[in-house]
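Please look through the sequence and the structure shown below before reading on.

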Amino acid sequence: MSDLLNRWIKIGVKNSLIAEGNEELVEYGLYQLVTYILFFICQLIILKIFHCILGGVIFITAFVVLRRFIGGYHANTRLMCFIYSNALSLLYGILSRIHIDEKKIIIALLMAVVILLILAPVDNANKKLSSDEFMKYKNKARIVLFAELVIVMVSRLMSLYILEESLMYAIIFGSVFVIAGYVKSIIENNT
């Protein structure tokens, strides 16, 4: 993919569409765009296979919004990030198709909420948080978590089970990423 992007950039510079000296910036932007498009296509394919596009879109949206403030595990390479992100949707697709006892999901949700309230946000090697940033993200994480929990409860009352389930899984998976990021941080700090 890098070779193709470089060819496009050279053509753009040659035709004065890209200013000389901006090649790296344009390459980065194009790489991000292509990656997001591929990610979107893979997500749609995965969610279509499991017949859970609506729930999957709700899940991904809720997860991304929460994840923005809770931090947690980050892959070391873009490829691994791409793989983990698609695996996350694959796991959601599988879980949306099997019946799990509601009490177990609620227990997992309560555990996830406690974990997020205690540990989040978890920074990483690429984005260390100052004490001010930590408090800012902690407060925003709690607001988002509270909002998602309110939506879970309202959707339960209104029998909007896809919305309820998708948000619960987003919160649960968010806590898994926070635990993984916390463990990774401890390991990295001890080496």
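## Cysteines and two further residues

The structure holds 0 disulfides, where a disulfide is counted as a pair of cysteine sulfur atoms within 2.5 Å. C42 is in no disulfide, and the nearest cysteine sulfur, that of C81, lies 13 Å away. This is a predicted model, in which local features need pLDDT of at least 70 and side-chain atom pairs count only at pLDDT 80 or more, while totals for chains, interfaces and linings use all residues. Residues are numbered from 1 along each chain as its sequence is written, and side-chain values use heavy atoms, with hydrogens and water left out.

The sulfur of C52 is 15 Å from the closest cysteine sulfur, in C42, which is too far for a bond. The table gives relative accessible areas, for which buried means under 20%, exposed over 50% and partly exposed in between, with a 1.4 Å probe and protein chains only.

| Residue | Relative accessible area | Class |
|---|---|---|
| C42 | 25% | partly exposed |
| C52 | 8% | buried |
| Y161 | 49% | partly exposed |

R67 has its place in helix 3 (residues 53–70), helices being DSSP runs of H or I with at least four residues, numbered from the N terminus. Although R67 is buried, it has no salt bridge, and the nearest side chain of opposite charge, D123, is 11 Å away; a salt bridge requires a side-chain nitrogen of Lys or Arg within 4 Å of a carboxyl oxygen of Asp or Glu. Lys and Arg count as positive and Asp and Glu as negative, whereas His and the chain ends are not counted. Leaving aside neighbours within four places in sequence, R67 is in contact with G72, Y73, H74 and F177, contact meaning heavy atoms within 4.5 Å.

Y161 lies in helix 7 (residues 161–189). From C-alpha to C-alpha, Y161 and E23 are 48 Å apart in space, and they are 138 residues apart in sequence.

Definitions and conventions: Helix = DSSP H or I, 4+ residues; strand = E, 2+ residues; numbered from the N terminus.
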